[in-house]
Every structure is written in C-alpha cells, then in structure tokens.
Amino acid sequence: MQGRNWLLAMMLGMAPLAGAQAGDAARQAALQVQAAYPGTIELQVDASDVQRRIQRVRERLPVVPGPLRLWYPQWIPGNHAPTGPINQIGGLVIRGNGRPLRWQRDPGDMYAFTLQVPEGVDALDIEFQYLSPTATDQGRVAMTANLLDLQWHRVVLYPAGVDARGIQVEPSLRLPEGWQSGTALDVARREGDTEHYRPVPLMTLIDSPVFAGRHFKRFALDAAARQPVWLDVVAENPQALQADAKVLEAHRALVHEADAVFGARPYSRYTFLLAVSDVFSGIGLEHAQSSENGMHDGYLRGERPFLDNDLLPHEYTHAWIGKAWRPRPTWVPHYNAPMHNDALWMYEGQTQYWAVVLAARSGLWSPDYAMAMLAQLQATYASQAGRQWRDLHDTVHQGILDFNARPQAWEDWQRGFEFYNESTLLWLGVDARLRALSRGRVTLDDFARRFHQGGAQGEIRLYDPADVMQALEAVQPGDWDAYLGTRLEARDGAAPDGLEAAGWELYYSDAPNLVVADGEADGLTDLQYSLGLKVDGDGVLQFVGWESPAFKAGLARDVVLVAVNGLAYSGGRLKQAVVDATAGVPIDLVVRQADAVRSVRIDYREGLRYPHLRRVDGRADLLTKILAPRRR
C-alpha cells in the first residue's frame, strides 16, 4: 500500500489474519496491569567475581500469601526483540521464612516462574547467578578483569502484572576492590566497594545501567549547564583514558549541535557511558539519562578506525527520539509484553540520520569522511538486490526475525537491519525536499525542534505515524504520508533518491574512499562494487553479493581463497588481478570450501570500483548546508 492508504493501514493496525489477531489479543492482555506493587524490593548484586564472570544476585521481595508469578525481563527497550538472556541465569532458589519454596516455570512462558506463597510469609528471599559470557560465542562479553557493564534487566525477577513504574527497587552493587563507576542512578552512599543507590522505580532502574572499571575517568562535556552532560569512560589500561583535546572538543560540540536541532534537553542530567577496549564487546544502547557505548582502545586519542564515530551521536539523539518521544506501538508498561516495531523507520531511522548529521556538524567526522560514508550508503542500496522483494518497512521486524543473531549467508539479498542506514537516505530526502519546497526557509531541524517539544521533563510522550505526518505538514505542506509511504513500501529496486535531491550523485573510481580505507586498515579487502565480494585477512569471504561476478562464479560466504592466478592469496594480489583483468587476463582462483578444493574463474573486466559523490549539474547543493555546523 502507498500514500494515504498506507498511513490509514498503520493507524488502524490492520491485521486480517487470525494469528495476528490472536497476537494482538495476547499483547492487549499483557498490557492490563495494576498501577503499583506494595513495598520495596531490595536488590543486591555482587559483581566482584570478574575472573569467573559471575554476578551473584539476592532479592528480598515483599509478598502476601497465595499464588505468585515472577517474570524475568524478556523484551528489552532498544533491542526491538525478546532478547532477555534467561539462558544465562542459574542456581535459582526462592525461600520464605528461610525455607525453600518450590517454583515452576510456566510451560507457555519460559520467562515466567510460578509458586505458592505460604501463610505467614510476608517476604521472599530470592537467589540466583547471572553467568556473564566468558567468550563471544556465548554472547556479549560485558565483564572482564578490568571492565564491567551491569545491565539491571539481567539480574532481576519482578512481580508479574504490575506497571514497572509502580515497582520500587532499592538496588546495591558490589564492585571489585578499588573500581569506580558511572551511572545515571543516584548513589546514596558507598560502603567499601559496595555502592548503595537511592530507591527508584523498576523502569528507571532498568533504564540506568552501570559502567565500572579498574581505570575510570570522567570528562565534563557541559557540566555547568542546568542539565549537565558528562562522559564517563572505563578502559582496559590507563593510557586509553588519555584524551586528545580535539576529540573532547568534538564531543562537546556534539552536545551543543544537538541543542541546536532539538532545543530543550529532555533529561535532568545525562551521562555518556563509554568503554574503550579491544576485548570488551561493543555496544550501543539508549537510555533516558545515559547511553551505553563501546569503542576501540584508541578512540579517545583519535586513532582510526572512525567507522563507529556516529555511535555516540546516535545514542544521544535517542534521548529525544525513542526515550522521551516514543512510537505508540513500542510502548509497554513492563518487560514481558511484545513491543511492535512498525515505526522503527522513525525511532531508529531518523535517529541514524541525525547521527550522521551530528557526527559531521560536531567534527567527530571530517567533511570528507561524511561524504564518503554517504557514498558508501548510496552504493549499498543502489545495488542491494533484496530491495526488489523486501521493502524498507518490512525490515523493521528484523530484530525479531534474526532470533539467533547469526550472520546471513546472502545479506544483500535477504536484507537485515536496513531501517537504520537506508532510512538515513530516506530522511535525507525529506530534509532536502523540505528545503526545496520552502526555498530554503524550512529544514528537518525545524521539524525536529517542533516535534520534540512540550511535556514535562522525564515524561514519556507517545506518538503515531499520523502525528509525524501532521508535524511535517505543519512546517511545510507536501503530502508527506504519500511521499514516505511510497519509499517505505517500494519493492522496485530503484536507488534511494535522497542524495540526488540534496544535489549530489554517485560515481565510481578506482581509488578507495575513506570508509573503505578504514575498513581495509584492519586487513579487509573490499571489492564489493567490482567482483562483488569482501575478504578478511585470512582469505575468508565475508560477503558475496547476490548475482555479482563472484556469485556467478559459484562463490559464497565463508569460502576460503587459497590462490590468485597461481600465487598464494593476498589482498594485494587479488586487487592486482582485478586491474590485470581489464587487459583480458583472467581471474583464476583456487578456493577451499570445507574439505573441498576447486578452481574458479571470475568473468569480470571493469577494474576496481569504489563509490564517491559529485555534484549534480543544475541542482542546488543542499547537502553541504545540511552537514555544516550550526553552532560556531
């Protein structure tokens, strides 16, 4: 569906299938909750066992006699999928008045535990361990000998059927000896290595992770403001905490450039939680008054690669888009009701657009790097075969579909989390169109400031797609539901048109752009737009494009390149073979797939091709204006 029919369908929540109706009914039932839970839960987490990466949990839960249902959080905000790691807990014991009580798992809900509270018991003592992954094949490594990311949703059971805003929790956290931490929580007191936090609602607790480490440093980004902003950094070594002045200035500029876009800050204070490490698993997750960010060891020193320098802008933008203002379908009052992802093209898509813009405006990206990144995005989606059958709007469900979090064999055909990066080009088109229709008087900045205002600080404001369209129409009439609907639902494989609308177009040359150069600095050989493949430093194919020359030659992901034109494989030799092929020299490979070895010839003669941007004759240069700093 397109245009107003598309918008109408989203507003009405059309679900003609019985299964969809049943799913909606189950969700509505899960949304029926009581407003508050009597008493305060005491939650103690001991995270001092960093060698074995075990977090020991003790809870004291006020109860009344009778049946009780406890939930382990399943739907984690920002994950857009039921990712609660219930498989990583062990040793669950529940006692009443010191006596063990028998619990059972609900066979229809693996995240629910049921039990009978005996007469005379007014509190339960709950113990279990969260067994943090010791290697990446088990999950995200978030606990090392020097670093810790404590996410409260991993270490709590809570009473079912209650609004998480009405469940009071008094948390404490024991850290390894001498460690320091950063968090949005208020520390009531510290006793030895245990931090005691002020009681908060469960929703606030789960939205307030703790980054802690042996090596910790706080940097002020805007400490004097009424709503201050800090950068709290933990690192594997003290050298990683030495920040280059230009890097810090870019982070400070990020805060002020966001002010210029959105206006009032929606938080009372904000902390960027940042782990700089090559061992600690990367992360980017938004919260109302903080964000979790993981970067490489040399990040604060300004060392390459820069590929994730839009991470902090992305998570910071979420303070407005996704936290203070949320699409109505994503809102649930607790963590065990399904969230609906229909509006992630706004929640994540416009957020990623602002991440790119703010990275450029703040100086986290150089202008040349920003242009190279946009060229890379345009080339990706201009050639992505899967856009012929799977529209952008359908990709918002990828977090749920991708339940095993494994790489795709044919990622450009299957499509994945495109609602992030392809939506960047979608919203670039909106920005350019606003500027063109208004003759430069109205921009997406104006929409953002208008849309993300109003309401009390700390309040969660919900919106529907119709509210987005109405706000766009208010700043500049333009039949926006038809414009967005057509692009969200397109299955024609046509290249996104946002860059062209902004006055720039894609072309290819034999010189790698800055994004490719950054990727190849780590040993990758990127020939995506020539042979249609990417190869890691060991010769293993990490990507093969659908219907590309490599595909037609019979190659697939994880095939190992053994030799190129009679010589042992290297990235340089493969590139030279592509160059030589322009003069008619065949590209002959020896490859290994599992135990089978074979010879392959790739029929390709167009040379090395890397994406770049150039101006479109006769069109206004809107992109340069979009990426230019607003605060100087």
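Q: In this predicted model, is A594 buried or exposed, judging by its relative accessible area?
A: A594 has a relative accessible area of 60%, and because exposed means over 50%, A594 counts as exposed. In this predicted model, A594 lies in the loop between β30 (587-593) and β31 (596-602), and its phi is near 60°, a positive value in a residue other than glycine.

Q: Which value does phi take in R439, and where is R439 found?
A: Phi of R439 is near 55°, which is again positive in a residue that is not glycine, and R439 is found in the loop between α11 (418-437) and α12. At 75% relative accessibility, R439 counts as exposed.

Q: Which residues of α12 and α13 meet?
A: From α12 come L444, D446, F447, R450 and F451, and these meet D467, V468, A471, L472, A474 and V475 in α13. By class, this contact of α12 with α13 has eight nonpolar, no polar and three charged residues.

Q: How do the axes of α13 and α14 cross, and which residues meet there?
A: The axes of α13 and helix α14 (residues 480-488) cross at roughly 125° and come within 9 Å, and the two helices are therefore oblique to each other. In α13, M469, L472 and E473 meet W480, D481 and L484 in α14, a contact whose residues divide into four nonpolar, no polar and two charged.

Q: What span should helix α7 have at 1.5 Å a residue, and how many of its residues are buried?
A: The 14 residues of helix α7 (residues 349-362) should span 20 Å at 1.5 Å a residue, and the end C-alpha atoms are 20 Å apart, which agrees. Of the 14 residues of α7, 14 are buried, so α7 is largely enclosed by the rest of the structure. After α7 comes G363, whose phi is positive, near 95°.

Q: What does the 1.5 Å a residue reading give for helix α8?
A: For the 17 residues of helix α8 (residues 367-383) the span should be 24 Å, and the end C-alpha atoms are 25 Å apart, which agrees. Helix α8 is mostly covered, with 13 of its 17 residues buried.

Note on methods. Residues are numbered from 1 along each chain as its sequence is written. This is a predicted model: local features need pLDDT of at least 70, side-chain atom pairs count only at pLDDT 80 or more; totals for chains, interfaces and linings use all residues. Side-chain values use heavy atoms; hydrogens and water are left out. Contact means heavy atoms within 4.5 Å. Helices (H or I, at least four residues) and strands (E, at least two) are DSSP runs, numbered from the N terminus. Ala, Val, Leu, Ile, Met, Phe, Trp, Tyr, Cys and Pro count as nonpolar, Asp, Glu, Lys and Arg as charged, and the others, Gly among them, as polar. The expected span of a helix is 1.5 Å times one less than its number of residues. Buried means under 20% relative accessible area, exposed over 50%, partly exposed in between (1.4 Å probe, protein chains only). Axes are lines fitted to C-alpha atoms, for helices over the stretch in contact, and angles run from 0 to 180 degrees between N-to-C directions. Angles under 35 degrees count as roughly parallel, over 145 as roughly antiparallel, 65 to 115 as roughly perpendicular and the rest as oblique.
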